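Visitor: Could you take me through a close look at one part of this chain, and say what surrounds it?

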Amino acid sequence: MVIAGILILAIQSCSKTPIACFSTTPDMDSIHVNQPVTFNANCSVYAGSYNWQFYNNVDSIAFNSIVTKTFKDTGTVQVYLLITYGNQYAGVTKNIVVRP
């Protein structure tokens, strides 16, 4: 809108709800001890920030959309991803099994 030569922009608040998801390379069914595993959250929607938590693992927090981890022991590791967009957030948890 223009009033007396001054441009006025109306900013509408968008209510975009984030959706958290991630994939692994190699596939979650093929993860082995001492093998680098890439966790990729680029499939997430409206992600402004990323917070990874790898339970039962040393160095268990990361903040990028793509993270690489190497697991030293066999067993189940719970992986949690929390994404935020403005004041909204979404999370997803997956259990991965690390094989010998």
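Guide: Buried means under 20% relative accessible area, exposed over 50%, and partly exposed in between (1.4 Å probe, protein chains only). By that scale Tyr85 is partly exposed, because its relative accessible area is 32%. The model is predicted, so local features need pLDDT of at least 70 and side-chain atom pairs 80 or more, while totals for chains, interfaces and linings use all residues. Residues are numbered from 1 along each chain, and side-chain values use heavy atoms, without hydrogens or water.

Tyr85 belongs to strand β8, which covers residues 75–85 (strands are DSSP E runs of at least two residues, numbered from the N terminus). Its ring has an aromatic partner: Tyr46 and Tyr85 form a tilted pair, with 5.5 Å from centre to centre and 50 degrees between the planes (rings of Phe, Tyr and Trp, the last by its six-membered ring, pair if their centres lie within 6.5 Å; planes under 30 degrees apart are stacked, over 60 edge-to-face, the rest tilted). Tyr46 sits in the loop between β4 (36–40) and β5 (49–54) while Tyr85 sits in β8, so this pair ties together parts that are 39 residues apart in sequence. Tyr46 likewise counts as partly exposed, because its relative accessibility is 37%. The search of the whole structure finds 7 aromatic pairs, and elsewhere Phe22, Phe39, Trp52, Phe54 and Phe71 make up one aromatic cluster.

The strand that carries Tyr85 has partners of its own. β8 pairs with β5 in the antiparallel sense over 6 bridges (two strands pair if DSSP finds at least two bridges between them), and within this pairing Trp52, a member of the aromatic cluster, stands opposite Leu81 in β8. With β9, which runs over residues 88–98, β8 forms an antiparallel pairing of 11 bridges; here Leu82 faces Gly91 in β9, and Thr84 stands opposite Tyr89 in β9. β8 and β9 make a hairpin with 2 residues between them, and Gly86 in that turn has a positive phi of about 65 degrees.

Taken as a whole, these strands belong to an open sheet of 4 strands in the order β6-β5-β8-β9, with antiparallel pairing. β6 (61–62) and β9 stand at the edges with a single partner strand each, so one side of each has no neighbour in the sheet. β8, the strand of Tyr85, lies between β5 and β9 in that order.
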